[in-house]
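Q: I have a structure to go through today. Please take me through it piece by piece.

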Amino acid sequence: MVRFLLRLLGYVLIAAGFVSLVIDGARSIANSALQFTSLGTTLSALLGERYQSLQPAIERNLHPLLWDPVLLNLMRSPTALAALLLGFLLLRLGARPEPTIGIVTRR
């Protein structure tokens with residue numbers, strides 16, 4: 001059941017990544033310059049006020065260095081890239097284990 005949910009979420013994220021890639025591509029063609037939507041902009045649009053409270057919560061509860069060098073650079077990455085990478089990772093985690101054929105277990 002968990003593998004099914006991982007694969008389902010992986011496929012949804014891959015679809016969202018392609019949609020974001022198409023939107024960014026259309027925007028880049030219309031403006032005649034390379035433009036992409038950052039992950040921070042997307043999360044700000046989705047979460048609204050909760051996104052603003054994310055920084056103090058991470059700095060207070062986890063570690064201050066986790067926000068500044070790590071998550072700020074992650075928030076500047078393209079949404080399409082982050083969604084595609086996370087989607088493929090979830091698909092890999094939800095894959096069936098390969099059968100171990102050819103390994104001698106008895107001697």
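Q: Where does Thr100 sit?
A: Thr100 is in the segment after H6. Helices here are DSSP runs of H or I with at least four residues, strands are runs of E with at least two, and both are numbered from the N terminus.

Q: What should I know about the model and the numbering?
A: This is a predicted model, where local features need pLDDT of at least 70, side-chain atom pairs count only at pLDDT 80 or more, and totals for chains, interfaces and linings use all residues. Residues are numbered from 1 along each chain as its sequence is written, and side-chain values use heavy atoms, leaving out hydrogens and water.

Q: Back to Thr100: buried or exposed?
A: Thr100 counts as exposed, at 64% relative accessibility. The cut-offs are under 20% relative accessible area for buried, over 50% for exposed and partly exposed in between, with a 1.4 Å probe and protein chains only.

Q: And how far is Thr100 from Phe4?
A: Their C-alpha atoms are separated by 22 Å, and the two residues are 96 residues apart along the chain.

Q: What about the overall fold, how many helices and strands?
A: The protein has six helices and zero strands, in the order α-α-α-α-α-α from the N terminus. The radius of gyration is 19 Å, well over the 13 Å that the globule rule gives for 107 residues, so the protein is more spread out than a compact globule. That radius is taken over C-alpha atoms, and the rule is 2.2 Å times the number of residues to the power 0.38.

Q: What does the C-alpha trace span?
A: About 65 × 40 × 25 Å along the principal axes.

Q: How much of the protein is buried?
A: Of the 107 residues, 23% count as buried.

Q: OK, the largest pocket. What is its volume?
A: About 180 Å³. The search uses a 1 Å grid over the protein atoms alone; a pocket is an open set of points with protein on both sides within 12 Å along at least five of seven lines, and lining residues have an atom within 4 Å of a point. Grid points are joined across faces, edges and corners, and the volume is the space filled by probe spheres set on the points.

Q: Which elements supply the lining?
A: H1, H2 and helix H6 (79–93) each supply at least two residues. The lining includes Leu13, Ser20, Leu43 and Leu86.

Q: How many of the lining residues are polar?
A: Three are polar, eight are nonpolar and none is charged. Nonpolar covers Ala, Val, Leu, Ile, Met, Phe, Trp, Tyr, Cys and Pro; charged covers Asp, Glu, Lys and Arg; the others, Gly among them, are polar.

Q: Thr42 and Thr79 are on that lining. What else is in contact with Thr37?
A: Leaving aside neighbours within four places in sequence, Thr37 is in contact with Asp24, Arg27, Thr42, Ser77, Pro78 and Thr79. Contact means heavy atoms within 4.5 Å.

Q: What about Ser32?
A: Ser32 lies in the loop between H1 and H2, and is exposed at 68% relative accessible area. Its phi is near 55°, a positive value in a residue other than glycine.

Notes: On a 1 Å grid over the protein atoms alone, a cavity is a set of points where a 1.4 Å probe fits but cannot get out, and a pocket is an open set with protein on both sides within 12 Å along at least five of seven lines; lining residues have an atom within 4 Å of a point.
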